[in-house]
Amino acid sequence: MAARSIKTIFRDFWYIIFAELSSRYSKLHWDSIVENVEKMIGCGDPSNGYAEYVCPQCGNKKQVPFTCKSRFCTSCGKIYIDKWIEKTVRNIFDVPHRHLIFTIPQELRKIIFNDRTLIKVMMDCASRAALEVLQSRGTDAVPGMLVIVHTFGRDIKFNAHVHMLITEGGLASNNQWVDIPFLPYGLLRKKWQYYLLTAIKANLPKTRENTQLIDDLFKRNDKGFYVNAEKKMTSARGAARYIGRYMARPALAEYKIICYDGRMVTFWYIDHKTGRKITETIEAKEFIKRLIDHIPHKGFKMVRHYGIYARRSKSISMKILQGCKRFIQMTIAYIRSKWENCILNVARPGLSPAVRTPRL
């Protein structure tokens, strides 16, 4: 397995293709890529520092090399994800969630690749579309929305799309929770298309070509941009793990690498359209390029919170929902105790007929 590790491939080729790749990215993005890759390559190398532990009884020493803490590292990234999941599970509400995936047409991929600020725009537009569609059900309820952008497809090429966990309902202005188990997906697709294209048009240079592109995307996608909204998540932990599984590690899991011969890399993935297993062999240089395409700018927030999950309103919403939950629990306990007392009274002999269940 070590011979097929991502770290081994980068160690063999990173400095060979360093200059060639640098021209592909803006300086801000390239600096972030170099920092993350070089941390990953040196992760666990004692020459970069280590902690030494000495047994006070026998004097034996053990050196533990420092880890890189980079989210691009396969091992450190997993630790980061596990900690994020634990924190998220503690903070999201214990209510059913819906997993939504907002996709974009191929024509927009290169535009977003060249201007990474549009990734934040995608997240904002998805949350705005989801909020308006939920409130189209005749309520002013505000849902909780947890949003992550994945910039890769299963073949690890650049394909930005938005993953969202949204509560199936929201907190209304009267501080009551409103259940909304169904969203009109046709309207959601149209809203997502409108807000995204309008925002991208505002960010692009005002040229005839750009205007024509936006107009064509409206016309050719008359039903809106595709949104997958079928997956219901009843487990908070399962929902958090599902959406966060690739947010802090390379876009390809190492177990999918079949072979690396020192020049070519063979890996597999499942085609989401056909469900078939696809095997692909590419040069190591191309493999590295595909992976580093997905390293974000330094400081970019890969996870954003909207609605009642937003920082400014989450604590208030949590108190209200906890109060509602306590009230429901107390009500159920009261009804159960009354019911149990009635059963006991009926079962006891010697009671007056008024408190016993009449026999037919």
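1. How many aromatic pairs does the count come to? The count comes to 15 aromatic pairs, where rings of Phe, Tyr and Trp (its six-membered ring) pair if their centres lie within 6.5 Å, and planes under 30 degrees apart count as stacked, over 60 as edge-to-face and the rest as tilted. The model is predicted, so that local features need pLDDT of at least 70 and side-chain atom pairs count only at pLDDT 80 or more, while totals for chains, interfaces and linings use all residues. Residues are numbered from 1 along each chain as its sequence is written, and side-chain values use heavy atoms, with hydrogens and water left out.

2. Phenylalanine 10 and phenylalanine 72 form an edge-to-face pair, 5.7 Å centre to centre with 75 degrees between the planes. This pair links distant parts of the chain, since phenylalanine 10 lies in helix α1 and phenylalanine 72 in the loop between β2 (61-65) and α4 (74-91), 62 residues apart; helices (H or I, at least four residues) and strands (E, at least two) are DSSP runs, numbered from the N terminus. Both phenylalanine 10 and phenylalanine 72 are buried, where buried means under 20% relative accessible area, exposed over 50% and partly exposed in between (1.4 Å probe, protein chains only).

3. The rings of tryptophan 14 and phenylalanine 18 have their centres 5.6 Å apart and their planes at 85 degrees, so this pair too is edge-to-face. Tryptophan 14 is buried, with a relative accessible area of 0%, whereas phenylalanine 18, at 26% relative accessibility, counts as partly exposed.

4. Ring pairs link Phe10, Trp14, Phe18, Tyr25, Trp30, Phe72, Phe113 and Phe158 into a cluster.
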